[in-house]
Amino acid sequence: MPREIVNVQAGNQIGESFWRMLLAEHGLDDDGRYKGNDPLQLARVGVYFTEVEHSGHLNKYVPRSVQIDLEEGVCNRIRSGPLGGLFRPDTYVTGNSGAGNNWAKGFYTEGAELMDNILELVRKQTEATDALQGFQLLHSLGGGTGAGLGSLLLSKFREEYPDRMLSTYSILPSPKVSETVVEPYNALLSVHQLVENSDMTMCIDNEALYELTQRSLKVNQPSFDDLNTVVAQVMCGVSTSLRFPGQLNGDLRKLAMNLVPFPRLHFLIPSYAPLYDPKSRAFTRWNVRDLTSAMFDRHNLLVACDPRFGRYLTAATIFRGKVASQEAEQAVLELQKKNSSQFVEWIPDNVSVSLCSVPPVGQVQAGTCLANSTAVQELFKRTLTQFVAMFKRRAYLHWYTGEGMDSMEFSEAESNTQDLIAEYQQYQEATADEEVEYEEEYEESSGAVVYEDQAAPEDVYEENVEGVEYEE
C-alpha cells in the first residue's frame, strides 16, 4: 500500500520542474501515460499519482496536486505548456488581483477568499487515498502569495489534519540579491508561522542556487529553469524511498523522527551530489566516500550559510543506486570521526542512512542530504537585521495595517525569531557534560536521595521495606 503525499504548490515554477523529473523517473510521458520498461517504476507510483483507467487506452496517471496562485499568469502558462494535459483541470485555484508582494493580502484578504475552494479540493484529494502520509508545500517566503497564502494554508492543514506530516520547501530571501524591498517583513512573518505549524522545512535560497549552478554545473548565466532543476533533484531524492523499494527504507515520518530533536528546530539544510558539468561526465567517477563528502561540502548546499560556523544536531543521508549498506555506513562514520567537532556529542550516531536501489535518470549513483545544523541561524539573523532596521522606522507598515493586520504581529514575529536564534545558539554551545547538572536538578526536585560511590545505609532499606532482610 503506497503512503500517499498530496502536493500543494504556491510556487508553480519549481512545481513544474519537480513534476517533469518525477515523470522521467517513473517512465511516464507528459500526458501521464506509461512508456517505461522497468516494473519498479510503477510499483509505488501511487505515492504522487492517482491511476485513472481508460477503456481501449493506456491508463493515465494523474498527479495528486493542487496548483495555487493569486494571479493567473503562471498557472495559464502551465495549462498551455507541455504539461497542460497532465493535471486535472479543476485542481487550479487562481485569484485575479494578485498579492502585490504583500503578506497581509495573502493571509488575510485575497488569500482567505480562496481558502474554502482550496480546502475542498485538498479534501477530495485526501479522501481518495488509502494511507495519507502527509502534505508537501512549495512556496517562496519573499512575496505575497507564497508567504501569506502559504502560511495560511499551513495553519489550516494543521487544524484539519493534525496527525499528518507537513513538509515545506521554502525559498528564503538571498543574502545579497533581493527580489522585493519588503522581503524581510514577508519572510519573518512566514517564519513565525512555520515554527509553529510545519514538521520539516527545507530551506532554499536563489543566491546559493546561482553560485552552485555556476560553479558546479558550469552554467555562466543560469536561468530559473536551471535553478529549479537542482531543487527538483533534492525533492525527488527526499521522497525516493517512498517511491521505490530499497534496503534501508525511510519516509517523511522517519525522516522527521531522526532529524528533529526539538520541535521548533525543524529548519533543514538540503544538499545534493554529484553536481558536475554535463560535458565532464564521461571523465568523472564517483564512489560512496566521494558522494558522502560532497553531500556535506558547503559548496553543495542549497542555502547560503556556512556549516563550519555551527554544529550538526542531526543529518539524514539518502543514497540512490547500487550502494552497499556497509559501505555507506562506513563512509558516514569516517566523515563523522574526521569532523567530530562539527557534530554535537550529546546525540550519538546522529547521521541516519537510507538506501534506494533505483538511481536518478541518467546517473549511476546519487545522494541527497538533509542536515539540521545550528548554522541555519545565520539565515534568520540576516533577515532579522533587515527587518528591525525597517520596523524601527515603521517603513511600509501602512500597506500591511491597511489589510487588517495589527502591528503587534510584527513585534511577535520579531521576538519569536529572536527566541529561535537563541535556541539554536543554546544547543550549539551545549556539551555532553551538562546532562549531569540536569539529572541532579531533576533528582533534587523529585525528592530522590542520591548516593555516590557508597552503599545506602541499612536503616533506609528498613524504613522503606519492612520484613525484608538484606544479607551483607
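Analyst: **A close look at Ser373**

The backbone nitrogen of Ala375 lies 3.1 Å from a polar atom of the Ser373 side chain. That separation falls under the heading of a polar contact, meaning a pair of N or O atoms within 3.5 Å; within protein, one atom must be able to donate a hydrogen and the other to accept it, and residues adjacent in sequence count only if both atoms are side-chain atoms. The model is predicted: local features need pLDDT of at least 70, side-chain atom pairs count only at pLDDT 80 or more, and totals for chains, interfaces and linings use all residues. Residues are numbered from 1 along each chain as its sequence is written, and side-chain values use heavy atoms, with hydrogens and water left out.

Ser373 belongs to strand E12, which covers residues 365-373. Helices (H or I, at least four residues) and strands (E, at least two) are DSSP runs numbered from the N terminus. With a relative accessibility of 0%, Ser373 counts as buried; the cut-offs are under 20% relative accessible area for buried, over 50% for exposed, and partly exposed in between, with a 1.4 Å probe and protein chains only. Leaving out residues up to four places away in sequence, Ser373 touches Ile269, Pro307, Gly310, Arg311, Tyr312, Leu313 and Tyr424. Contact here means heavy atoms within 4.5 Å.

Another buried position is Leu70, at 2% relative accessibility, in the loop between strand E4 (65-69) and helix H3 (73-80). Beyond four places in sequence, the residues that Leu70 touches include Asn96, Ser97, Glu110, Leu114, Thr145 and Leu149.

Arg20, in helix H1 (residues 12-25), is partly exposed at 37% relative accessibility. Apart from neighbours within four places in sequence, Arg20 is in contact with Pro82 and Leu83.

Some backbone details are found in loops. The peptide bond from Ala273 to Pro274 is cis, with omega near 0 degrees, and Pro274 sits in the loop between strand E9 (267-273) and helix H12 (288-295). Lys218 is not a glycine, yet has a positive phi of about 55 degrees; Lys218 occupies the loop between helices H8 (206-215) and H9 (224-238) and counts as exposed at 52% relative accessibility. Arg394 likewise has a positive phi of about 55 degrees without being a glycine. The loop that holds Arg394 runs between helix H14 (377-392) and helix H15 (397-401), and Arg394 is partly exposed, with a relative accessible area of 45%.

Turning to the chain as a whole, there are 18 helices and twelve strands. The radius of gyration is 25 Å, close to the 23 Å that the globule rule gives for 472 residues, so the chain is as compact as a globular protein of that length. That radius is taken over C-alpha atoms, and the rule is 2.2 Å times the number of residues to the power 0.38. The C-alpha trace spans about 85 × 60 × 50 Å along its principal axes. Of the 472 residues, 53% count as buried. Among contacts between residues at least 6 apart in sequence, 81% join residues at least 24 apart.
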